[in-house]
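Please look at the sequence and the structure shown here before reading on.

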Amino acid sequence: MVNSSDKISRKGGSSVFQHSVERWKINSSLVLEIRKNILRFLDAERDISVVKSSFKPGDVIHYVLDRRRTLNISQDLHSLLPEVSPMKNRRFKACSVVGNSGILLDSGCGKEIDNHEFVIRCNLAPVVEFAADVGTKSDFITMNPSVVQRAFGGFRNESDREKFVHRLSMLNDSVLWIPAFMVKGGEKHVEWVNALILKNKLKVRTAYPSLRLIHAVRGYWLTNKVYIKRPSTGLLMYTLATRFCDEIHLYGFWPFPKDINGKPVKYHYYDDLKACDCSSEARTRTPAENSCLKLARIQKGPFLTLLAL
């Protein structure tokens, strides 16, 4: 899963990959082939976010993965919809997609991650206190509504709200990607987030994935024999990034409970959750998705480079 020329050194008792990727060469024809195949299923520039003209306040839509339930488009939500796609006409030579596996701890990958032209991060993970290993640059960051409850106490008190506002203030014009239309249950959290963004005039560019994105991405990966009902955030970000990035480097994606030396690996680098503690859906889809990305690396060449594994 890594180039055989990579060296492993010891740092604080942990393994650290010292990347040496000079032997890799981008196969441009395969890059174009992968991008062409993905674009048969989705228009990433359009599907990455609905825009203001898509809805008007008061419109009622059905949740993507729960069609029996509906959501009313509020005034706050509508006001935060972008006028045009936040990724319109954007293109980058090299991007990093940063997952949240504990494999990043003691990796020393922070500077390398931040050196990429465009950095995508998942689920508003904390970065400052882990900067040496994960970096701090955040050009595009996702935030599932469940993050409000898990990381910010459900905004039960002013301290939780201030903590959230401070975290978003650090993004400073980054794209904040909120999957608001997927399933019933997180709508109140989305509304609270929207209200805080507006009240505090936070300089983030909000984006809300299209109603067809999940099905389009799932359709593509079904052709690769990855049978999953709901793609993970990491797989969504990789798939979308193929449209905007000539090279994609993945960090912090690790499907195993232990590292190559047998040391236990946290499910997230920033908490004490173990792999066995995550949802049954995540346990089911993570190995399948990582196997698929591993095969992409082995079979399709260095369009996808798995780093910090």
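Helix H9 (residues 213–222) and helix H10 cross at roughly 80°, and their axes come within 11 Å. An angle from 65 to 115 degrees counts as roughly perpendicular, and H9 and H10 are therefore roughly perpendicular to each other. The model is a predicted one.

**The chain as a whole**

- The secondary structure of the protein chain consists of eleven helices and eleven strands.
- The protein chain has 309 residues, of which 52% count as buried.
- Of the contacts in the protein chain between residues at least 6 apart in sequence, 70% join residues at least 24 apart.

**How packed helices are described**

- For two packed helices, the description gives the angle between their axes and the distance between the axes.

**Helix H9 against helix H10**

- On the H9 side, Leu213, Ile214, Val217 and Trp221 take part in the contact, and they meet Leu235, Leu236, Tyr238, Thr239 and Leu240 in H10.
- Sorted by class, the residues of this contact are eight nonpolar and one polar, with no charged residues.

**Helix H1 against helix H10**

- Helix H1 (residues 28–39) packs with helix H10 (residues 233–244) at an angle of about 115°, and the two axes are 9 Å apart.
- Because of this angle, H1 is roughly perpendicular to H10.
- The crossing in which H1 passes H10 is left-handed.
- H1 contributes Ile34, Arg35, Ile38 and Leu39 to the contact, while H10 contributes Tyr238, Thr239, Thr242 and Arg243.
- By class, four nonpolar, two polar and two charged residues form the contact of H1 with H10.

**Helix H7 against helix H8**

- The axes of helix H7 (residues 158–169) and helix H8 (residues 187–199) cross at roughly 65° and come within 11 Å.
- This angle makes H7 roughly perpendicular to H8.
- H7 passes H8 in a crossing that is right-handed.
- The residues in contact are Arg161, Phe164, Val165 and Leu168 from H7, together with Val193, Leu196 and Ile197 from H8.
- Six nonpolar residues and one charged residue make up the contact of H7 with H8, and none of the residues is polar.

**Two residues of helix H10**

- Thr233 lies in helix H10.
- Residues under 20% relative accessible area count as buried, so Thr233, at 14%, is buried.
- When residues up to four places away in sequence are not counted, Thr233 touches Cys122, Asn123, Thr142 and Asn144.
- Leu235 also belongs to helix H10, and it is buried because its relative accessible area is 2%.
- Leu235 and Gly99 are 136 residues apart along the chain, and their C-alpha atoms are separated by 9.9 Å.

**A residue of strand E4**

- Arg67 is located in strand E4 (residues 66–72).
- Is Arg67 buried or exposed? Its relative accessibility is 53%, and Arg67 therefore counts as exposed.
- The C-alpha atoms of Arg67 and Val183 are separated by 8.7 Å, although these residues are 116 apart along the chain.

Definitions and conventions:
Residues are numbered from 1 along each chain as its sequence is written. This is a predicted model: local features need pLDDT of at least 70, side-chain atom pairs count only at pLDDT 80 or more; totals for chains, interfaces and linings use all residues. Side-chain values use heavy atoms; hydrogens and water are left out. Axes are lines fitted to C-alpha atoms, for helices over the stretch in contact, and angles run from 0 to 180 degrees between N-to-C directions. Helices (H or I, at least four residues) and strands (E, at least two) are DSSP runs, numbered from the N terminus. Angles under 35 degrees count as roughly parallel, over 145 as roughly antiparallel, 65 to 115 as roughly perpendicular and the rest as oblique. A crossing is left-handed if the near helix is turned anticlockwise from the far one by less than a right angle, and right-handed if clockwise. Contact means heavy atoms within 4.5 Å. Ala, Val, Leu, Ile, Met, Phe, Trp, Tyr, Cys and Pro count as nonpolar, Asp, Glu, Lys and Arg as charged, and the others, Gly among them, as polar. Buried means under 20% relative accessible area, exposed over 50%, partly exposed in between (1.4 Å probe, protein chains only).
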